[in-house]
Amino acid sequence: MKKKETMNAETVCAELQRQRDLGVDLDDILTLAVSLLHESTPRFHWTGIYELFPDRVLRLGPFLGAPTDHVFIGVGEGVCGTAVAEQRNMNVPDVTKAQNYLACSTATRSELVVLIRDHEQIYAQIDIDSHELDAFDPAVETEVEKVATWLAVLYRERESVGVRAL
Ligand code: SME
């Protein structure tokens, strides 16, 4: 099988760190992270971040790609809400076979959800859709996880200074 090209988390995180060092706040860092991820790989056709709020609802934050009806997703609903409920990342190679799948676009064939978390504490998630079947190999998932880990540190910092409790 032809090896798929893989995004490079080090490049993404280095740019995020550079912006952070310049004083850019978390919300703008999230927007930049979405943009860098989206542009990193041609088969990322929709890239966004959902944040988990205290009412146990995911709310859509920055995203690139087609507009979606799924701006609010309850924990346990869809692939995104299931990732939170089961506290695990979801790599869905064929969305037609996923129970509870909430369609963002009829063109989507596969989906990757990576939690932004600090152990049990889930802050948000990176959601990526592709028009290709099985678009997310383990190497890609690992790189997206590295970006999620980097973002989790920022969420933890914000929580510790009490700007917004998530
Ligand atoms: N497919 C997701 C909903 C989000 S859209 O893909 C942007 C889900 O099943 O939870």
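Which polar side-chain atom lies 2.9 Å from an oxygen atom of the ligand? The atom belongs to aspartate 129. The structure is a predicted model, in which local features need pLDDT of at least 70, side-chain atom pairs count only at pLDDT 80 or more, and totals for chains, interfaces and linings use all residues. Residues are numbered from 1 along each chain as its sequence is written, and side-chain values use heavy atoms, with hydrogens and water left out.

Glutamate 111 has a polar side-chain atom 2.9 Å from a nitrogen atom of the ligand, and a polar backbone atom of valine 79 is 2.9 Å from an oxygen atom of the ligand. On its own the ligand has 300 Å² of accessible area, and the protein covers 100% of this; such areas come from the Shrake-Rupley method with a 1.4 Å probe. Residues around the ligand, with a heavy atom within 4 Å of it, include Trp46, Tyr50, Cys80, Tyr101 and Asp127.

The helices are DSSP runs of H or I with at least four residues, numbered from the N terminus. Helix 2 (residues 26-40) and helix 4 (residues 138-160) have axes that come within 11 Å and cross at roughly 175 degrees. Axes are lines fitted to C-alpha atoms over the stretch in contact, and angles run from 0 to 180 degrees between N-to-C directions. The two helices are therefore roughly antiparallel to each other, a term for angles over 145 degrees. In contact here (heavy atoms within 4.5 Å) are, among others, Leu30 and Leu37 of helix 2 and Trp150 and Leu154 of helix 4.

Histidine 38 also sits in helix 2. Leaving aside residues up to four places away in sequence, histidine 38 touches Phe44, His45, Trp46, Thr47 and Leu64.

Technical notes. Angles under 35 degrees count as roughly parallel, over 145 as roughly antiparallel, 65 to 115 as roughly perpendicular and the rest as oblique. A polar contact is a pair of N or O atoms within 3.5 Å; within protein, one must be able to donate a hydrogen and the other to accept it, and residues adjacent in sequence count only if both atoms are side-chain atoms.
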